Amino acid sequence: EETKDAGLRCLITGNHDTKRVSFNLDDTERKLLFAFLLTMPGAPFIYYGDEIGMKYLDVPTKEGGYFRTGARTPMQWDGSANLGFSEGESSALYLPVDSSADAPTVAAQEKDPASLLNTVRAILSLRHQEEDLQADADFKVVCSEAGKPFVYLRGDLLCAVNPAGSEQSVTLPASAAAKLEGSVLFELGRTSLDNGVLTVGAQSFVV
């Protein structure tokens, strides 16, 4: 049986050997991913650039990187030369930066309250504020049935996520429904509770 002394679960968004999470997820899906990962027990790891949705680039292999090379391109800070990574000549960079017109940058996303970066910051802030969302807090699955939202308890906090493209509902056990008597601490999309039935809109999340 797993105990708290056995170590920490380590959930990652990716690393330099995998394609970036932006490869097959859109912005809403990336927000749901971060909301889920950052409310799970253990130690979360965010691969640089995933917090702004940096793209996986189709670039030539570099020193045995092969397909992995596209996840190793420079961090994208702002709209200046080389997206703020370096003032040197672009031809001298070890790997190229994203040259597309919609390349995400930290500077641009800091100005947008609804950006992926600010969403990640909001979830991280909540995790720091609430002990029940931190590494060692209790974790209990409330609902994992197909066709229903995935609902879980972190200590006394109830979390629910619905990544599907349509609304999903679940009748909560009384002990779990009681957790919803408090205020909503964080929400993506649309959620509601009526007579013990939790409804989570398409691609939505709530704590």
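How many residues lie between E8 and E9 in their hairpin? The hairpin has two residues between its strands, and Asn 195 in the turn has a positive phi of about 50°. This is a predicted model: local features need pLDDT of at least 70, side-chain atom pairs count only at pLDDT 80 or more, and totals for chains, interfaces and linings use all residues. Residues are numbered from 1 along each chain as its sequence is written, and side-chain values use heavy atoms, leaving out hydrogens and water.

**Overall build**

- The protein chain has four helices and ten strands. Helices (H or I, at least four residues) and strands (E, at least two) are DSSP runs, numbered from the N terminus.
- Along the sequence, the pattern reads β-α-β-α-α-β-β-β-β-α-β-β-β-β.
- The C-alpha trace spans about 60 × 40 × 30 Å along its principal axes.
- Of the 207 residues, 41% count as buried. Buried means under 20% relative accessible area, exposed over 50%, and partly exposed in between (1.4 Å probe, protein chains only).

- Strand E8 (residues 191–194) and strand E9 (residues 197–200) run antiparallel, joined by four bridges. Two strands pair if DSSP finds at least two bridges between them.
- Asp 194 has Val 197 in E9 as its bridge partner.

**Helix H1**

- H1 covers residues 27–37, and its buried residues include Leu 32, Phe 34 and Leu 37.
- Asp 26 caps the N-terminal end of H1. One of its side-chain oxygens lies 3.2 Å from the backbone nitrogen of Thr 28.

**Nonpolar cores**

- The largest nonpolar core has 19 residues, and Phe 186, Phe 205 and Val 207 touch the most other members.
- H1, helix H3 (116–129) and strand E5 (157–162) each supply at least two residues of this core.
- A second, separate core has eleven residues, among them Val 170, Leu 198, Val 200 and Val 206.
- A nonpolar core is a set of buried Ala, Val, Leu, Ile, Met, Phe, Trp, Tyr and Cys residues joined through side-chain atoms within 4.5 Å.

**Arg 154**

- Arg 154 sits in strand E4 (residues 150–154). Arg 154 is buried, with a relative accessible area of 0%.
- Leaving aside residues up to four places away in sequence, Arg 154 touches residues including Met 40, Leu 133, Phe 139 and Cys 159. Contact means heavy atoms within 4.5 Å.
- The side chain of Arg 154 reaches the backbone oxygen of Asp 138 at 3.3 Å.
- Arg 154 and Asp 17 are 137 residues apart in sequence and 31 Å apart in space, C-alpha to C-alpha.

Definitions and conventions. Polar contact = N/O pair within 3.5 Å; in protein donor to acceptor, adjacent residues only side chain to side chain.
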